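Have the chain open in your viewer as you read.

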Amino acid sequence: MLELKNITKNYTTGDTTVEALKGVSIKFRKNEFVSILGPSGCGKTTTLRLIAGFLEPDSGDVVFEGEKINGVPAFKRQVNTIFQRYAL
């Protein structure tokens, strides 16, 4: 249903480049409930922003129901994100 294929995303500020995601591939199947866990700075929010369409990957593909959706604006994507309260 939703697949990330070899996703890479870098952030550059001035002369500094930070590699947020490197070669990430994940498959989310229909009716799965998925949680993304990890320490601060590991790429969780970047991954969600790529899926939602708020960011574009530097390389790799976001595929939804067999169709590549890179470049599709967020308001046209049929995906949602529910963020957990930080205090939980």
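Before we start, a word on terms: a residue counts as buried under 20% relative accessible area, as exposed over 50%, and as partly exposed in between. Keep in mind too that this is a predicted model.

With that cut-off in hand, go to Asn 6, which is found in strand E1. Its relative accessible area is 47%, so Asn 6 lands in the partly exposed class. The backbone is the curious part here: Asn 6 has a positive phi of about 50° although it is not a glycine. Most residues other than glycine have a negative phi.

Asn 31 also has a positive phi, of about 70°, and is not a glycine either. You'll find Asn 31 in the loop between strand E2 (16-28) and helix H1 (44-52). Asn 31 counts as exposed because its relative accessibility is 76%.

Now back to strand E1 (residues 2-13), where Thr 8 is found. What is Thr 8 in contact with, leaving aside its neighbours within four places in sequence? The list is Leu 21, Lys 22, Gly 23, Pro 57, Asp 58 and Ser 59. As for Gly 23, its backbone nitrogen lies 3.5 Å from a polar atom of the Thr 8 side chain.

Next, the rings. The charged end of Lys 9 sits over the ring of Tyr 11, 5.8 Å from its centre. Aromatic pairs, on the other hand, number zero in the structure.

Last stop: Gly 66, in the loop between strand E3 (59-64) and strand E4 (67-68). With a relative accessible area of 73%, Gly 66 is exposed.

Key
Residues numbered from 1 in each chain as written. Predicted model: local features only at pLDDT ≥ 70, side-chain atom pairs only at ≥ 80, totals over all residues. Heavy atoms only, no water. Phe/Tyr/Trp six-rings, centres within 6.5 Å; stacked < 30°, edge-to-face > 60°. Lys NZ or Arg CZ within 6 Å of the ring centre and 35° of its normal. Helix = DSSP H or I, 4+ residues; strand = E, 2+ residues; numbered from the N terminus. Buried < 20%, exposed > 50% of the residue type's maximum accessible area, 1.4 Å probe, protein only. Polar contact = N/O pair within 3.5 Å; in protein donor to acceptor, adjacent residues only side chain to side chain. Contact = heavy atoms within 4.5 Å.
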